[in-house]
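Take a look at the sequence and the structure before reading on.

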Amino acid sequence: MKYALPTDDGKTVGKVFGRAKSFALYNDADSSYVIAANEGANAEHGAGTGAAAFLTEKGVGILIAPEVGPKAAAALSAAGIRVEITEAGKALGEAMADVIVPSK
Amino acid sequence: MSKPQATVIAIASGKGGTGKTTVAAHLALAFARSRKTLLVDLDVEAPDVIGYFPAAKLLGEAEPVKVPIPSLLSERCTGCGLCAKSCRFGAIVVLGGVVSISGELCKGCGRCVSVCPASALGEIKATVGRTSFFMTEGLHILEGRMEVGDIRSTAVIEAAKRRAPVCDAAIQVRDCPPGVSCPATHSIEGADYVILVAEPTEFSLHDLNAAIRLTKSRCIPTGVVINKDGFGSVDIAGFCAEKSVPVIGRIAFLRSRAESGASAALWSNDASFMNEMDKIVATVLDGVSWTAPA
Amino acid sequence: MDGTSMTTVSVASGKGGAGKTSIAAALAVAIAAIPGEKCIFADCDVDAANGAIALDAKERERFPYFAGPGFSIKANACTACGRCVQACRFDAIRKSADRQSYVIVPQLCERCGACLDTCPKGAVTMYEKQAGEFYVADTARGPTLVFAELEPGEDTSGKLVRVVRDRAEQLAGEASVIVVDSAPGIGCPVIASLSGANLVIIVVEASVSGIKDARRLVALVHSMKRKAIAIMNKTGLSADMDSKARIMLAEAGIPLAGELPFDPALRAAEESGNTWLSIGGEAGDQVKATIEAVKGVVLSMQRKKLNVVIPKETL
């Protein structure tokens, strides 16, 4: 399962989703972890839907974020990405630990 | 594009809350005393005109305003993503090779439909609002109302503007949205005269400046009505003189007016107020004040 | 348990003219006046950027704001075939003054690019259109101010709000409070104004349209799961409206921090370049009490945040 978290500083959960500077992407199948820049952050319109498209491209199944705007929520739902709510400012590792079911 | 027959007066204001809708409603009543008048509510996100006329009767049925949005013919789609690249509004995205359309973000520009190399996008109509005709005490009203939560106000505004001539009125008074962004711009477009409603406060002065810039940029003759005169001491008239924009009306601030205004009461019995409206009517109709701001 | 030290308070109101900017300014000034506190005022009500007046803005740094590309027609390449006019769904293309070519009216153009696709002569070009400017200013009243002004016909967008807020966040640094004067209404710019806010203050004007518009804002605040409190403004004009506003808020479960009466003295304060905190009388008392109450909520939020030890990363 691939997880994504919005992050502006690369260490803690960011406050916004669609215009987050980057996304932390974690794959529990191989424990790989990258921070990917959110190219759509600067889009004039549709940053939320753009971010949903970005996550789909990366094969993300679960988004862990403090909130999503209504239009972004609709796009995520259409993409089949589940949203788990966390708190902004939490360390990325801790936010993930809250959600990830220990596997195997 | 033929010019509409009616003389179109747009009531606008840089700032919200200055009394634009109040002035529009009562000015329309004043015009209606001598001419067939249509009051058009173009503040489609929050149409408040009808609140002044609770006894108004709906004429016929509300007409839906529809905007074309793309619809996917999935068997033709190759997942090339050109549609998503062409969209400036983030309304069509490709999620894992599958096209996903966010109807609410779509402005109906049609670009994705025409760039699709596989002709996989057709168009269907999404309802973004409705226009309704009402009738009350010798005044016709046309209301544009956008669906709650939608943002495609331009489409509803343009639909109301297109429907207005059906009424065949001599005078069309448009209540415009506040501000100077897209919806306000479309609302004043095509008007013969714009009345900007200002109040004697610093905020209003600042926004009046922006509004005059807008009407000047569209070369539309403009006049200013100072509402709540006496409520503050900012010199709106002096500013208008600097900008060569005539002050065509002054409505005194009275506490009693503020009180009844809170419940959107109609002031047709407020003689001094309606007198001021009649003066504005006369000024607008005689054409003397019709100069575009310098 | 939000580990970030910044506290963001967004002041919103469905309706224009409800008193949102004045209230936001008073709150910002009250917070900036606390020794050791830093407050940034992010004016996201761009269509009516009155924060600069309310706070008596001084020095300015200005930056151009580019929303997205604009489109224009090169007159000498245009053969006036009219295909762009057919393609434009926003009626933004007109004949030029000399009738020899077409021109795009920037105030009506939605910047979709359909004209560019259809022009057989390649006469339509994209250009970097400056949509406005944003500014950073010190103010005589205390808070640092970030605000923007747009060209006529340009729209406030989620992007512009984000640009203003990003700049405010850069200036805020450690342990500051950001007061956001939200865009009005409930569209994308408002969503961007409320996004990530620790507290939303809903300003309800005690009138028919004020209550109606506040109701829609409440629904948005709930859907975005933001903590909210309310302030009623222009009370005392209609007992019926005052009561309806209170009922609406109670039904929505939004605590009421205070009720500000309609009073011309509030306007007089603004004219002399002062915030609502400076006036006397009953209205002045209500303003001070309400702002104290809100300030208390904001500071206790801030204190809770600063006491949290940020856990070590586990990766």
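The notes below cover one helix of chain C and then the domains of that chain.

This is a predicted model. Helix 8 of chain C spans residues 239-252. Chain C is also assigned two stretches of domain, domain 1 (7-56 + 140-306) and domain 2 (67-130).

**Helix 8 of chain C: length and end**
- Helix 8 of chain C has 14 residues.
- From first C-alpha to last, helix 8 of chain C reaches 20 Å, close to the 20 Å expected at 1.5 Å a residue.
- C:Gly253 follows helix 8 of chain C, and its phi is positive, near 75 degrees.

- Buried residues in helix 8 of chain C are C:Met241, C:Asp242, C:Ala245 and C:Leu249.

**What covers the buried residues**
- From chain B, the cover includes helix 8 (255-262).
- From chain C, the cover includes strand 9 (199-205), helix 7 (208-223), strand 10 (228-235) and strand 11 (256-261).

**Domains of chain C**
- The centres of domain 1 of chain C and domain 2 of chain C, taken over C-alpha atoms, are 40 Å apart.
- Their contact takes 6 residues from domain 1 of chain C and 4 residues from domain 2 of chain C.
- On the domain 1 side of that contact in chain C, there are 2 nonpolar, 2 polar and 2 charged residues.

Notes. Residues are numbered from 1 along each chain as its sequence is written. Chains are lettered from A and ligands numbered from 1 in the order in which they are written. This is a predicted model: local features need pLDDT of at least 70, side-chain atom pairs count only at pLDDT 80 or more; totals for chains, interfaces and linings use all residues. Helices (H or I, at least four residues) and strands (E, at least two) are DSSP runs, numbered from the N terminus. The expected span of a helix is 1.5 Å times one less than its number of residues. A residue is buried if 20 or more other C-beta atoms lie within 10 Å of its own, exposed if 12 or fewer, and partly exposed in between; C-beta atoms are placed from the backbone. Two residues are in contact if their C-beta atoms, placed from the backbone, lie within 7 Å. Domain bounds come from an automatic or database domain assignment. Ala, Val, Leu, Ile, Met, Phe, Trp, Tyr, Cys and Pro count as nonpolar, Asp, Glu, Lys and Arg as charged, and the others, Gly among them, as polar.
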